[in-house]
Amino acid sequence: MTNQDFLPIRGYDHVEFYVGNAKQAAYFYDRVFGFKPVAKLGLETGIRDRASYVMKQGNVKFVLTNALGPDSEIARHCTLHGDGVKTVALEVRDVEQAIREARAREATVVQPVEAQEDENGVLKTGIIQYAGDTVIKFVERTNYHGVFAPGYMPLDVEGADSVGFAAIDHIVTNVELGQMDYWARWFERVLGFAQLTHFTDEDISTEYSALMSKVMENGTGKCKFPINEPAEGKKKSQIAEYLDFYHGPGVQHIAMNTKDICDTVRKLRAKNLDFLRVPDTYYETLTDRVGEIDEDINELHELGILVDRDEDGYLLQIFTQPLQDRPTLFFEVIERHGSRGFGVGNFKALFISLEREQAKRGNL
Ligand code: FE2
């Protein structure tokens with residue numbers, strides 16, 4: 001039996017964000033990102049202390065939750081961290097087993113196995129502590145056939161058109177200086193993940209900032225969790241800036257797969273979504289660096305899409321600006337053509353672009 005068999009994970013189930021105003025966030029995720037509101041919980045469903053909207057696109061499910069009063073963990077989370085990711089939910093075959101294994105491997109169990117039931121069946125969940133205030137939730141939905149979870153009211157809203165997000169590709173966490181190895185080993189020990197790659201500050205550094213990253217992956221390769229820590233730079237790194245404004249470790253970005261990144265980015269740009277821009281010179285040497293690709297380089301240039309190649313193939317990617325006023329959470333859109341990497345070849349160009357933004361914020 002391999003190390004990976006003790007906690008089989010089927011894939012990402014959903015990501016829950018704690019936000020200041022879930023109703024307005026739902027509108028933004030619908031209108032800009034093309035997520036369809038599919039279920040809701042709140043006063044209408046007899047819940048008095050919070051409201052949640054379930055937003056769906058392809059296989060990506062986001063839950064947007066806000067508090068309805070000042071005295072709750074949700075309100076405290078928002079005050080401290082701003083809008084951000086509270087829960088990364090993973091689908092497992094057997095929650096009892098997942099919690100048992102995680103507990104035996106010294107994870108902190110925040111919520112033991114809980115079974116919720118309605119006319120659509122039984123949904124089982126269990127929660128363990130992850131970095132900072134972030135938690136990992138195991139979800140067993142084999143015996144549940146409702147829209148999302150018991151207690152949620154299905155919504156019949158048309159929603160904006162999809163922009164082509166198909167699935168979550170990876171979820172990146174920023175941790176404090178010296179903590180990357182702890183969390184990499186935590187993924188191995190608690191969840192049976194293996195280390196896919198490792199980037200040192202030699203790979204990822206500019207004049208101003210440097211970071212180190214280890215990428216952890218589950219047995220099926222469906223779930224990938226890069227973990228970043230700041231490295232000593234001449235000035236404040238983007239990871240240190242995140243940690244300052246998030247007030248601790250947490251999710252830095254979520255990458256979503258698309259089958260046609262040009263179409264996705266064109267649709268997002270039409271809604272005035274802001275992306276990071278690399279200098280025009282990036283495209284002058286692109287073919288030399290990545291060789292032949294199927295896409296038209298002029299189109300990639302126009303849309304600001306980046307390309308990277310490794311031994312398995314290439315990938316196309318783009319990063320949004322932070323999604324809230326704090327320079328914390330952002331999204332990535334990615335289209336893979338064989339490559340299983342993360343675009344390390346783009347990091348330098350990107351960091352220079354990030355530092356330009358940091359300087360504008362007075363944080364460099
Ligand atoms: Fe990424």
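A cavity here is a set of grid points where a 1.4 Å probe fits but cannot get out. Its volume is the space filled by probe spheres set on those points. The structure is a predicted model.

**Enclosed space**

Rolling a probe the size of a water molecule over the atoms shows where empty space is left. How many cavities of 30 Å³ or more does the count give? There are two. The second largest cavity holds about 110 Å³ of space. Its lining has 15 residues, and Q238, E241, P327, F330 and L354 are the closest to its centre. Helix 5 (238-246) and helix 10 are the elements that give two or more residues to this lining. By class, the second largest cavity is lined by six nonpolar, six polar and three charged residues.

The largest cavity has a volume of about 250 Å³. Its lining is made of 20 residues. N228, Q252, H253, F319 and F347 lie nearest the centre of the largest cavity. Several elements each supply at least two residues of this lining, among them strand 10 (167-174), strand 12 (210-217) and strand 13 (224-231). Strand 14 (250-257), strand 17 (330-337) and helix 10 (344-360) also each supply at least two. Which element gives the most to the lining of the largest cavity? Helix 10 does, with four residues. The lining of the largest cavity divides into 13 nonpolar residues, six polar and one charged.

N218 sits in the loop between strand 12 and strand 13. Both of these strands contribute to the lining of the largest cavity. Is N218 buried or exposed? N218 counts as buried because its relative accessibility is 5%, and buried means under 20%. Leaving out residues up to four places away in sequence, N218 touches I9, F193 and C223. Two of its side-chain polar contacts go to backbone atoms, on I9 and on C223.

S72 is found in the loop between strand 4 (60-67) and helix 2 (73-81). S72 has a relative accessible area of 15%, so this residue is buried too. The S72 side chain reaches the backbone nitrogen of A75.

| Side chain | Backbone atom reached | Distance |
|---|---|---|
| N218 | oxygen of I9 | 3.5 Å |
| N218 | nitrogen of C223 | 2.9 Å |
| S72 | nitrogen of A75 | 3.1 Å |

Technical notes: Residues are numbered from 1 along each chain as its sequence is written. This is a predicted model: local features need pLDDT of at least 70, side-chain atom pairs count only at pLDDT 80 or more; totals for chains, interfaces and linings use all residues. Side-chain values use heavy atoms; hydrogens and water are left out. On a 1 Å grid over the protein atoms alone, a cavity is a set of points where a 1.4 Å probe fits but cannot get out, and a pocket is an open set with protein on both sides within 12 Å along at least five of seven lines; lining residues have an atom within 4 Å of a point. Ala, Val, Leu, Ile, Met, Phe, Trp, Tyr, Cys and Pro count as nonpolar, Asp, Glu, Lys and Arg as charged, and the others, Gly among them, as polar. Buried means under 20% relative accessible area, exposed over 50%, partly exposed in between (1.4 Å probe, protein chains only). A polar contact is a pair of N or O atoms within 3.5 Å; within protein, one must be able to donate a hydrogen and the other to accept it, and residues adjacent in sequence count only if both atoms are side-chain atoms. Contact means heavy atoms within 4.5 Å.
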